[in-house]
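Visitor: I'd like to learn how to read this model feature by feature. Can we go through it together?

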Amino acid sequence: MKTEILSINSSSLAAAVDVIKNNGLVAFPTETVYGLGGCAFSDEAISKIFQAKGRPGDNPLIAHVCEGYDINQLVEIEHQYVYDLIEAFCPGPLTLVCKSRGTVSSLVSCGLDTLAVRIPAHKGAQQFLNAVNCPIAAPSANTSKHVSPVSAQHVFDDLEGKIPMILDGGRCIGGIESTVLDVTSLSPRILRSGLITQGMISAVVGSCEYAQHKDGDKVKSPGVKYSHYTPYCQTAYYGREDIAASINEYNKAVMSGKKPVFLCDDKIQGMLCDYNTISLGGTSEEYARNVYNALREAEKKYDTIIGIEVRGDNQIDVGVLNRFIKACSKK
Ligand code: TXA
Ligand code: MG
């Protein structure tokens, strides 16, 4: 199958509608990462998503809808605070896990009685969702377990030949996946951290906890049990206090004929002038925007990635470090 990268206009949107109506897949931009979308009512389309990504069959998908769509058609909103969250953060990088009405394909939620819904804010995503006029089930548009894609080229690099079309909306400005929030209980629980932080949610609702995942628990968000965000090369990770040890690791890599690179923030980059470095930037928002792009650039140009803890000034760091540490944990 030939994979086309198309800029978003009336003719590419018409072509995308055609693909979706025929149970095919379209990759599209959002403000977080690129999604791999198929009609949420179609078993055939959802099966293709799992197949194209090589995704484990028990990791459920998010249903994306356009602004103004009545999500009560898909889910039951059981608590008043959910409307306050929608008012405050939607459209945007927030995914709400609600009680499902069972209207979409059962493959979307992998048999769970909940459904994750999100209203993306990206203009191109909205144009696509409006044009197709149906809820779109979409995971991130990467090969399962690889680093998430934040450009059309990243999607192409992973899924060329497996999908017909990528709508190109440029680099994603958010850069890490949406906050996944379980809103089926009296107060919300964060299943995956993201750009909508615990503090932002608490300010609206009054309280918000991180879900605790203990061994042996029934996993509330199946995605968390899988390894994620892994570059196709050797990796290692160090805290900011362990720069000396990280340099040691770098030098050892060079001695054994490898081509290492440090991934770090602007401050640490300033201290590592004699080494290969890629900076994620200087603020929490920049780290989020750049982390996946930097990991993908690093795996292309180098063969050993040494991550050094980044530190910004707000809770977005929780989401960034969650990805960065997983991506760079020792391999
Ligand atoms: O920003 C994003 O969320 C991107 C863009 C494309 O919207 N999508 C994304 O999808 O990151 P994915 O499939 O890579 O991650 C979805 C996460 C997984 O951890 C999954 O386990 C969780 O959401 N999830 C989906 N449905 C769920 C449900 N019913 N209950 C609990 N967790 C759910
Ligand atoms: Mg993903």
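Visitor: At what angle do α3 and α6 pack?

Guide: A word on the ground rules before that. This is a predicted model, where local features need pLDDT of at least 70 and side-chain atom pairs count only at pLDDT 80 or more, while totals for chains, interfaces and linings use all residues. Residues are numbered from 1 along each chain as its sequence is written, chains are lettered from A and ligands numbered from 1 in the order in which they are written, and side-chain values use heavy atoms, leaving out hydrogens and water. Helices (H or I, at least four residues) and strands (E, at least two) are DSSP runs, numbered from the N terminus. Axes are lines fitted to C-alpha atoms, for helices over the stretch in contact, and angles run from 0 to 180 degrees between N-to-C directions. Here α3 and helix α6 (residues 198–205) pack at about 125 degrees, with axes 9 Å apart.

Visitor: What do we call the arrangement of α3 and α6?

Guide: Angles under 35 degrees count as roughly parallel, over 145 as roughly antiparallel, 65 to 115 as roughly perpendicular and the rest as oblique. So α3 and α6 are oblique to each other.

Visitor: And which hand does the crossing of α3 and α6 have?

Guide: A crossing is left-handed if the near helix is turned anticlockwise from the far one by less than a right angle, and right-handed if clockwise. α3 passes α6 in a right-handed crossing.

Visitor: How do α9 and α10 cross?

Guide: The axes of helix α9 (residues 284–301) and helix α10 (residues 316–328) come within 9 Å, crossing at roughly 20 degrees. That makes α9 roughly parallel to α10, and the crossing is left-handed.

Visitor: What about the backbone: where is there a cis peptide bond?

Guide: Most residues other than glycine have a negative phi, and most peptide bonds are trans. In this model a cis bond joins Cys90 and Pro91, with omega about 0 degrees. Pro91 sits in the loop between α3 (80–89) and β6 (94–100). As for phi, Asn23 has a positive value of about 65 degrees although it is not a glycine; look for Asn23 in the loop between α1 and β2 (26–28).

Visitor: Now the ligand. How many residues surround ligand 1?

Guide: A residue is near a molecule if one of its heavy atoms lies within 4 Å of it. By that rule 27 residues surround ligand 1, and the closest are Thr32, Arg55, Asn59, His64 and Ser178. β7 (114–118) is among the strands that supply at least two residues of this shell, and β7 gives the most, with three.

Visitor: Which side chain has an N or O atom 2.6 Å from an oxygen atom of ligand 1?

Guide: A polar contact is a pair of N or O atoms within 3.5 Å; within protein, one must be able to donate a hydrogen and the other to accept it, and residues adjacent in sequence count only if both atoms are side-chain atoms. The 2.6 Å case is Thr32. For the side chain of Asn59 the distance to a ligand 1 oxygen is 2.7 Å, and for that of Arg192 it is 2.9 Å.
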